[in-house]
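Hi everyone, thanks for making time this morning. Let me put the structure up, and then we can walk through it together.

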Amino acid sequence: MSSAIALHSVTRRFGDMVAVNDLSFQVQSGEIFGLLGPNGAGKTTTINMVTGLLRRHDGEVHVLGFDPQVEPRQVRQRIGLVPQETNLYADLSAVDNLWHHAALYCADLSVVKERIQELLQLMRLWERRKDRVGTYSGGMKRRLALARALLHDPDIILFDEPTLGVDVQGWHALWEHIKMQQTQGKTFIVSTNDMMEADALCDRLVIVDHGRAVALDSPEHLKSDLQRDIVTLRTTPAIQVPESVFTGLGIEAVTRIPPDQLRLEVSDAESIAGELVTRVVAAGRLESIRIARPTLDDVFLHHTGRALRE
Amino acid sequence: MPRFLLLLLNEFKLARTALPIHLVAILQPTLMYLLMSPSLVQATFDMHVIQPTTDKERALVAAMREVGSPIGLPYINPIVVSPEEAAQMESSTFRQIVAVESRDGVPTAVQRFSLIDSNQVKNLRNRLTAAALRLWNEELGDAAVTIEEHPWLPVDVPYTVYFGMAMLPMTTFLAAVFIGGILTAQDFEFRTIAEFRLAPIAPVWVLGARLTRLVLSAFLSAGVLLLAQGWRTGFWPGSFWRVGLVLLPVAITASSLGIIIGLLFRRSIPSLLTGLIAGMGSWILGGAFGLTAGFGGLYEKLSRLTPNAHAVEMLFSCYYGAQVGDPPSSILALALFSVGLLTLAFFTYRWRVLRQE
């Protein structure tokens, strides 16, 4: 696979605040690449630098070999953007919104009519094509925004927070559409602060915090790289000095989750499960215990010392 | 060309995002004209006179009928009323009543006014004086001094025609600046501006389509007013093409200004208010109620800074068949306004939309 997007030591500042700090990653053609991080981590800034909407202050960006800062038109012909806040004309129909986009983006206008029908059917919006977009649900608007971004058949789609404002039922439909487009050879950059979304959708992802890349790999590798299980337990009363209770069990890290939970990182939870329960019961009443493989939230916590939602 | 037509069609579809503004921008000046024109200065005044009973009184009524423009309408339409009707003047709609009464044996025309403004009093008094002067001249015979009037124009044109004519550039300006401002500002409010920012086509297409749409909307607004004016007054311009050619630079100037305002403010309400101030200011300064050349001094100099003043002078010949002002300098001024604002709109678009931040 060739590199569709390459960022090398990219930095962007807003006044004194460094929004993106020495960020580097490469996105391969045909992959769904995630930018995972909390709000304000610099994800949207990164996307805007890839599109050429924002200038970078340092580093290099290449999109299909073009520098968006130097050759913006070449880049814009090849990318589709679904911004964080869905920017559709609410008083126009879906078809009119797509025609508006076509006039601005499509090189060949003769195929637009068929393409609009194809995309609206694909996104299951054909029946509502003549309705005002203002009457659509959040999920329908996101699907229409995706259809719009795909209308001019770009090679790369930048999707900023795909499921923002979409109800849970709509998430899977949207992910399905993105995956379907991937099979057509499209490359996606998806920015999200939802670990479940990143896990379900991305082939690889970069975890971004305070504008810096803290980890980069596939979700599976990122999780397995931790080489530990996560044990979450709740007792009554809460265990006040966990170090004394769990001595000798090979606990790698202990985090208190208020009000009464403890989160333990352990290399092999199954082998110490019996002893762990015995010691907890001796220390107090065990209300619940959960042993799980790490999630991306655990990966984020491991690398940054705080949870993704904090 | 198909792309431009598609962009143009899309621009018209966007009217749905600001329908009330479009209705106000296109129809409000015409509505204002239709409401205001009945109360504007009329050539012929209805003047109520108590039923004449003597020869002197009959002669006065006849003289009132003779007072008028040498090339047009009479100035007085005497309406004879009975003394009983005159007695109920306070509860009637009469503006004034003339009665011939005897004062120490001398017949005296007594003019009684209802609650009207001093300007109307002056007008009604002057007309009665003119009628009395005719009687006086008849009595003086050869000793009378006769006034001869030589109008500049071959025909009397009612003031409502001038007022409507001066509103043509105003409605053109207002429609373009209003709609241009709100459509552009709304793209920032709806965040649809990102669509334009990332568009790979040349900005001249985008701006060209928006400007064309605004110019056509402005012409629609002017067309509605022109029809209303013709219907109301019976006066039509000598050449519709010429009216269109005069209004074209006004429309281009105002469309460009509307886009600039929208790009600078990025909010609908400030854009609308600024457009309104620009449109109304340009109208009032630019010969709204009378030719600016007649004012002189600072007012005239200021008015020359508006496209309206030049457009009104250029339109004058279409309605009156006579040229006022200096056509070459007006053409130059209108061309400069158009090209200047168009260029400014282009650079403002590049700065506010296309610039990489």
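Let's start with β11(A) and strand β12 of chain A, residues 261-266, which pair in the antiparallel sense over six bridges. A quick word on terms: helices (H or I, at least four residues) and strands (E, at least two) are DSSP runs, numbered from the N terminus, and two strands pair if DSSP finds at least two bridges between them. Within this pair, A:I257 stands opposite A:Q261 in β12(A).

Before going further, please keep in mind that this is a predicted model, where local features need pLDDT of at least 70 and side-chain atom pairs count only at pLDDT 80 or more, while totals for chains, interfaces and linings use all residues. Residues are numbered from 1 along each chain as its sequence is written, and chains are lettered from A and ligands numbered from 1 in the order in which they are written.

Back to β12(A). Strand β10 of chain A, residues 229-236, is joined to β12(A) by six bridges, and the two run antiparallel; here A:V231 stands opposite A:L264. β10(A) is also joined to β13(A), antiparallel again, through seven bridges. One of the pairings there puts A:T232 with A:R290 of β13(A) as its bridge partner.

Put together, that gives an open sheet of four strands in chain A, in the order β11-β12-β10-β13, with antiparallel pairing. Which strands are at the edges? They are β11 (251-257) and β13 (285-292) of chain A, and each pairs on one side only. From one strand to the next, the twist averages 20°. For angles, axes are lines fitted to C-alpha atoms, for helices over the stretch in contact, and values run from 0 to 180 degrees between N-to-C directions.

Now the other sheet I want to show. Chain A also has an open sheet of six strands, ordered β5-β6-β7-β3-β8-β9, and its pairing is mixed. β5 (79-82) and β9 (212-217) of chain A stand at the edges with a single partner strand each, so one side of each is left without a neighbour in the sheet. Neighbouring strands of this sheet are turned by 15° against each other on average, direction ignored.

For a parallel example, look at strand β3 (residues 32-36) and strand β7 (residues 187-192) of chain A, joined by five bridges. There, A:I32 stands opposite A:F188 in β7(A). Helix α5 of chain A, residues 138-151, packs on the sheet and touches β5 and β6 (156-160) of chain A; its direction makes about 165° with that of β5(A). Contact here means that the C-beta atoms of two residues, placed from the backbone, lie within 7 Å.

Zooming out to the whole of chain A, there are eleven helices and 13 strands. Chain A is divided into domain 1 (3-218) and domain 2 (227-293), with bounds that come from an automatic or database domain assignment. The C-alpha centres of these two domains of chain A lie 41 Å apart.

What about the interior? Of the 310 residues of chain A, 45% count as buried. Buried means that 20 or more other C-beta atoms lie within 10 Å of a residue's own, exposed means 12 or fewer, and partly exposed is in between, with C-beta atoms placed from the backbone. A nonpolar core is then a set of buried Ala, Val, Leu, Ile, Met, Phe, Trp, Tyr and Cys residues joined through C-beta atoms within 7 Å.

The largest nonpolar core has 142 residues, and those with the most contacts inside it are A:A147, A:I189, B:A176 and B:L315. Its largest share, 17 residues, comes from helix α6 (residues 159-189) of chain B. A:I189 touches several residues, among them A:I5, A:V27, A:F33 and A:L158, not counting residues up to four places away in sequence.

In contrast, let me show you strand β4 of chain B, residues 106-113. How many of its eight residues are buried? The count is zero, and β4(B) is hardly covered. Eight bridges join strand β3 (residues 96-103) of chain B to β4(B), and these run antiparallel. B:R103 has B:V106 as its bridge partner in β4(B). The hairpin of β3(B) and β4(B) has two residues between the strands, and B:D104 takes a positive phi near 55° there.

Last stop, the interface: 24 residues of chain A are in contact with 22 residues of chain B. On the chain A side, the largest share, seven residues, comes from α3(A).
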